[in-house]
Amino acid sequence: MPRFLLLALLLTLASPASAIVIRHDVDDSKYRITTSEFHALVDMPSEGHGVLIAPQWVITAAHTIPLHSELKQVDINGKPRDVERTVIHAGYKPLPQELIDHAMASGEAILIVVFLSSSDDIALVKLAEPVTDVVSVALHEDSVRPGEIVKIIGKGATGNGAAGYSLGGRNRTELRRAYNEITSAYDRWFCYRFDEPSSALPLEGALGNGDSGGPALIQVEDQWLLSGLASWKVIEGHVVSAKYGRYDQVTCNVRLSHYADWIESVVSGQP
């Protein structure tokens with residue numbers, strides 16, 4: 001039976017958040033983009049992302065929110081923005097230390113996979129003042145389906161699918177975007193696999209450390225809509241010795257259509 005390693009495990013050990021890992025046979029310059037291509041990307045403190053979905057609201061993965069300190073500021077379009085309050089979904093469950101200890105001792109993280117897949121890894125951040133210099137991103141109203149293509153954006157750790165990347169490297173680098181094909185979608189999550197070049201998209205990629213909470217976008221006519229948030233990854237191998245960012249890793253994203261009613265109730269101020 002293969003062992004599974006969850007990138008969120010070591011993110012929990014190192015920091016509260018999980019740029020883009022690229023094909024080894026495509027030049028990195030083709031993945032890099034300027035901030036003008038997606039002004040609505042939010043930088044959380046230190047690392048991790050969110051997305052501006054309304055002038056005064058940011059959506060992100062709950063595990064990017066500091067557990068033991070107050071979130072005071074986020075950065076949008078190169079400017080610090082003060083935070084009024086955060087709203088973490090009641091179904092979010094921080095990873096217990098005993099599961100981390102078990103995984104580190106046994107080398108197997110399947111129990112963490114089970115735990116995280118049952119958690120609601122989503123949060124909303126209300127800004128102290130509306131953002132007037134950036135256009136927010138609309139949410140995708142329909143549920144995503146296997147076979148659809150998503151665009152992912154982030155500036156976390158980077159590497160390529162053949163060599164992976166070092167856990168000791170930087171978790172905030174240059175802004176990149178990549179694409180991938182959804183392989184599964186159900187309930188809270190939709191996931192995709194980082195394929196090798198023979199079956200990959202021209203600019204196929206996957207997440208790296210520091211990309212948690214970042215956008216997964218679906219194109220509808222001429223508009224890119226927000227369908228998901230980067231959350232966690234499953235990588236085959238031993239917890240300690242597995243290679244990160246290699247081909248065949250599976251990335252799972254918060255499926256925002258599942259949370260449409262919750263998002264609306266929080267943003268509109270309804271109980």
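I began with strand E2 (residues 21-22), which pairs with E13 in the antiparallel sense over two bridges. For pairing I used the rule that DSSP must find at least two bridges between two strands. Strands (E, at least two residues) and helices (H or I, at least four) are DSSP runs, numbered from the N terminus. Ile-22 has Gly-205 in E13 as its bridge partner.

A note on the source: this is a predicted model, where local features need pLDDT of at least 70 and side-chain atom pairs count only at pLDDT 80 or more, while totals for chains, interfaces and linings use all residues. Residues are numbered from 1 along each chain as its sequence is written, and side-chain values use heavy atoms, with hydrogens and water left out.

Next I asked which sheet E2 belongs to. Three strands form an open sheet in the order E10-E2-E13, with mixed pairing. Strand E10 (159-160) and strand E13 (205-206) stand at the edges with a single partner strand each, so one side of each has no neighbour in the sheet.

Then I followed E11. Strand E9 (residues 149-154) runs antiparallel to strand E11 (residues 176-186), and six bridges join them. Gly-154 stands opposite Arg-176 in E11. E11 also pairs with strand E12 (residues 189-193), antiparallel over four bridges, and here Ser-184 stands opposite Cys-191. The hairpin of E11 and E12 has two residues between the strands, and Asp-187 takes a positive phi near 55 degrees there.

On to helix H3 (residues 110-117), where I found Ile-110. Which residues of H3 are buried? They are Ile-112, Val-113, Phe-115 and Leu-116. These cover an arc of only 165 degrees around the axis, which puts them on the same side of H3; the arc is that of the directions from the helix axis to the C-beta atoms. Ile-110 is partly exposed, with a relative accessible area of 32%. Buried means under 20% relative accessible area, exposed over 50%, and partly exposed in between (1.4 Å probe, protein chains only).

Ile-110, Leu-111 and Val-114 make a nonpolar surface patch of about 240 Å². Such a patch takes residues with over 30% relative accessible area and no salt bridge, with nonpolar side chains (Val, Leu, Ile, Met, Phe, Trp, Tyr) joined within 5 Å and like charges within 9 Å; a salt bridge is a side-chain nitrogen of Lys or Arg within 4 Å of a carboxyl oxygen of Asp or Glu.

Last, the whole protein: I noted four helices and 16 strands, and buried residues make up 55% of the 271 residues.

Methods
Accessible areas come from the Shrake-Rupley method with a 1.4 Å probe; for residues, only the protein chains shown count as cover.
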